[in-house]
Amino acid sequence: DQQVKQNSPSLSVQEGRISILNCDYTNSMFDYFLWYKKYPAEGPTFLISISSIKDKNEDGRFTVFLNKSAKHLSLHIVPSQPGDSAVYFCAAVAGGTSYGKLTFGQGTILTVHP
Amino acid sequence: DAGVIQSPRHEVTEMGQEVTLRCKPISGHNSLFWYRQTMMRGLELLIYFNNNVPIDDSGMPEDRFSAKMPNASFSTLKIQPSEPRDSAVYFCASSLRGTEQFFGPGTRLTVL
């Protein structure tokens, strides 16, 4: 029972273009969403988050969009850089930011070509 | 500024042996999490401590797995006896505010 799904195992993008990573969830109790980035042989690192009371959050080149009615969120990276090549995980939690039980998606491998 | 420290980084053992993974969270963080990453199941939470107390262990696969946090600066995840299907990368993470978790580099466990 995969409550958080990243249906694209991989994505390949040219440097300078936009990368769009997608994530779907099924649990309507989720109210806080996060994106993590993971390089090989390292642990995931927090990238950006969004509360369910918002539909967009922006941090530099990274923007997360949330569509609650569709139970869908996406991460936009503009412009994409070769250093962005990594595995991206979306995660969700029910109970707000104070509760730590994250449910992760399977991850999407992003490759940005120079 | 030291992040989350895990040891060992790699562990190879034989089926039936006891395995102990160690974690030192970031100083001042009050929550600690153990995750397992596999190709089949992705990244899944095993157990979650808050102020050294286990809050949710519903992700622990079976009785062969146990976790302890004797103090705020140390936690262990033990597998006894280990089985080949336990082979995975095990991550420890810590946080001050539950959701923004800082992960360690992981321990790659191989059970032969």
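This is a predicted model: local features need pLDDT of at least 70, side-chain atom pairs count only at pLDDT 80 or more; totals for chains, interfaces and linings use all residues.
1. Let's start with Ser52(A). This residue sits in a loop of chain A, with β5 (45–51) on one side and β6 (56–59) on the other. Although a loop residue, Ser52(A) counts as buried because its relative accessible area is 19%, and the cut-off for buried is under 20%.

2. What does Ser52(A) touch, leaving aside residues up to four places away in sequence? Its partners are Asp31(A), Phe33(A), Leu66(A) and Lys68(A).

3. Now for the two chains. Chain A brings 21 residues to the contact and chain B brings 22 residues. Together they bury about 1,600 Å², and carbon and sulfur atoms account for 54% of that area.

4. If you look for charge pairing, the count between chain A and chain B is one salt bridge. Lys101(A) and Asp56(B) form a salt bridge, with 3.1 Å between the closest N and O atoms. Polar contact across the interface of chain A and chain B involves six residue pairs, both residues being at pLDDT 80 or more.

5. Which strands of chain A each supply at least two residues of the side that touches chain B? They are β4 (30–38), β5 and β9 (86–94). The largest share, four residues, belongs to β4(A).

6. Finally, a word on composition. Sorted by class, the side of chain A that touches chain B holds 11 nonpolar residues, seven polar ones and three charged ones.

Definitions and conventions
Residues are numbered from 1 along each chain as its sequence is written. Chains are lettered from A and ligands numbered from 1 in the order in which they are written. Side-chain values use heavy atoms; hydrogens and water are left out. Buried means under 20% relative accessible area, exposed over 50%, partly exposed in between (1.4 Å probe, protein chains only). Contact means heavy atoms within 4.5 Å. Buried area is the accessible area (1.4 Å probe) that two parts lose on being put together, summed over both. A salt bridge is a side-chain nitrogen of Lys or Arg within 4 Å of a carboxyl oxygen of Asp or Glu. A polar contact is a pair of N or O atoms within 3.5 Å; within protein, one must be able to donate a hydrogen and the other to accept it, and residues adjacent in sequence count only if both atoms are side-chain atoms. Ala, Val, Leu, Ile, Met, Phe, Trp, Tyr, Cys and Pro count as nonpolar, Asp, Glu, Lys and Arg as charged, and the others, Gly among them, as polar.
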